[in-house]
Each structure stands twice: as structure tokens, then as C-alpha cells.
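Take a walk through this chain, from its overall layout down to single contacts. Keep the sequence beside the model as you read.

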Amino acid sequence: MFCPECGSTDKKMVGDICIDCFLKEFQLITLPERIEIQICSHCNSKLEEGKWSEENIPEEEIIYRALERNIEIADEVENEIINLEIEQIKGTIADCYVEATGEVRGTRIEETHDCEVKILKTVCPTCSKIQSGYYETVIQFRADSREIKNEEYAKADEIVERTLIKQSSNDKLAYCPQIAKLKEGYDYYIGSFKTGKKVAENLKEEFGGIIKESPRLISEDKSTGKGLYRIWISLRIPEFEIDDFIRYEGKIIKVTSIGKNSVVGVEISADKKHNIPMKNMENIELVKKSSEIETTTIISKSPQFLQILDPIDYSAVDLDMDERYEDLNVGDEIKLIRIENNIYLLI
Ligand SMILES: [Zn+2]
Ligand SMILES: [Zn+2]
């Protein structure tokens, strides 16, 4: 067969031309001479087809990925090997070099390409929100009828921080731009509602209490009529603490634990365990703090009475005998709590 390109007559033909002439024209890969990518200068996320993605990837890796995405390999190529190289980065422009080898119709061929990758630095919408101190939720950390203690604030700060770290793997707005330290409690400003809700739940898990959400309309999008809401989430932790004495449904109970959904305690006159749903917190009354526990001594014991010394006026007080007192002996020291003129021994 005769090749119209080179005039040879003894070569394998590909269509109308010989294999050599075909391979001379053949391109293993195609890629543009210049590629532009937009990345966020804060989080390195990149804009592609209108969407920001892949944050926190090193710049070189972004360049390699941009090259990879822009390289097209011809259909006929087999066993290709493509090497990408960044020759130098000058300012926002990376000079790159692409080396490709592959087999076409049994012949291995090689080619090189130069490509310039330009990085346009901008700020993605999330980072611009973060920079402006944007927040969707405010967590109001409050206590019922008392001040919050320093150690409770420290614990709350720690919980907020831990939650943000955990959430940040899937929520870019898991951050706290501001903590307002008010007399009545702290206000934690949280970037997203999703993470804000998680923060409130984790605080409740530690302290118990009641969560209330109140959305406030911030502004309205005039074109859509849709409102922009910010959600205030208040967590009111109980007035009582572990070891305090509470009244619930007429019973005096010493609190042994406070959880996310319930308060557990022991009824002091009957040694009976109670589990009170946290949602009934409104009906729990604090009657005595654990700091008001007093200590006294047993002065006599009979089948009918146990006699103790009142630690305030040193008078003798007779308590009706109870099976819980059986192991007590004269001279023993014992703890008591005084609630409305009644003395309860704590055994
Ligand atoms: Zn030819
Ligand atoms: Zn960003």
C-alpha cells in the first residue's frame, strides 16, 4: 500500500496512511496549556462547578489534582504511565511538566507537555462567614435560682470545646466566635445550629436541667419571603446538686446523681431509691444543701428510742426506734440533717 504522506509502500497502514505517519500525528494525551483554579486562601477549599470542596489540602496537591482532572487520554492508548511534575511555583503560577508514555497499536510512544496552573486566591462563603463572626445559635448556660460556680463554668467551657473539635470534622461552622460572660451565666455563640444543638445536649448530659429553644427572626429575604432565624437555646441546670436534699411528691430525697434525663436519689426516712424524670425539674424543691449536714453523738439507746445530742443547743432528742438504727451504738458519731424541725439521721 502507498502512503500519501511519506510515499513509503512497505509499511503497515492505519486507515489511509502508514503507521509511522499515524504515530507522528498521534497525541497520547491532551491538556490545556493553562488551567485556572480558585481556592480559598483560608481553608484551601477549591471552587469547582460552582461548589466549594476539599478543604485543607496542600497547595501542591491541589495543583496535581487540577492537572489530573484536565488530562484526557486518547481511547487507543494502552498501559499508559503519566508523570506530573511541578517545575516551579512563582507567586500564584505553577509551571508544570507532564510526561506521558503509552502503547498505541503495539508501539510505545512518549510525549511531553507544558502546562501553567494559575491559582486564584479568594475567600469561600464559609470562611467569609467565620471572618465576619457569623453565628446561628446562642447557648445560654444558666442555673435555676442560683449562681453558677466557677468549676461549673470551667467544666462547661471544656464540654463546648470538646464538642466543637468533634463536630468540626463534618461541620465547618463548628466554632465559637464569642462567649459573653454575663452575671446570670455564659452565652456561647455557635456558628451552626446543628453544632449548637449538640453543644446544648452535651452540657445537659453533664449537668442535667431543661433545654428550651426560641427562634428569633433576624431578617427576611425580600425576594423569597423566607426568614433568617437565629436560635437561642437555653439550658437551665438544676438549683440542687449531688448530695443536696430535695422534696419531690412530698418525700425528702438525698440526691445521688444528676443525669441527662433523670435525677436519682434516696429517700432519707425510708432508704428507698427514687428516679425522677428531669422533665419534672419544676416540681423538685431544694430543701437543704449538703453543706448544712451536722454531726452529733448517740447518747442512749432503748428498744423504743435512740437518743442523740442536738448539736445546736445540746439538748437530748429522742428519735423513734427504726430498724436502720440497730447497728448504732452509744458514743457513735452520726450525721444528721434538720428539715423543718425534723431531724433525720443519715445512715
Ligand atoms: Zn507514511
Ligand atoms: Zn474557606
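Start with the layout. This is a predicted model. The domain assignment divides the chain into domain 1 (13-125), domain 2 (133-237), domain 3 (245-290) and domain 4 (293-346).

Now look inside. The largest nonpolar core holds 17 residues. Ile139, Phe141, Tyr188, Val199, Ala200, Leu203 and Leu235 have the most contacts within this core. Several elements supply two or more residues each: strands S11 (137-143), S13 (185-190) and S15 (227-237), plus helices H4 (150-167) and H5 (193-207). Helix H5 contributes the most, with four residues. Zoom in on alanine 200. Leaving aside residues up to four places away in sequence, alanine 200 touches Ile139, Ile211, Ile233 and Leu235.

Strands of a sheet pair through backbone hydrogen bonds, either parallel or antiparallel. Here five strands make an open sheet, ordered S23-S22-S21-S24-S25, with antiparallel pairing. Strand S23 (316-320) and strand S25 (342-346) are the edges, and each pairs on one side only. On average, neighbouring strands of this sheet are turned by 45° against each other, direction ignored. Follow one pair closely. Strand S22 (residues 305-309) runs antiparallel to S23, and five bridges join them. Isoleucine 308 has valine 317 in S23 as its bridge partner.

Note on methods:
Residues numbered from 1 in each chain as written. Chains lettered and ligands numbered in written order. Predicted model: local features only at pLDDT ≥ 70, side-chain atom pairs only at ≥ 80, totals over all residues. Domains from an automatic or database assignment. Pairing = 2+ DSSP bridges. Axes fitted to C-alpha atoms, helices over the stretch in contact; angles between N-to-C directions. Core = buried A, V, L, I, M, F, W, Y, C linked by C-beta atoms within 7 Å. Buried ≥ 20, exposed ≤ 12 C-beta atoms within 10 Å, placed from the backbone. Contact = placed C-beta atoms within 7 Å.
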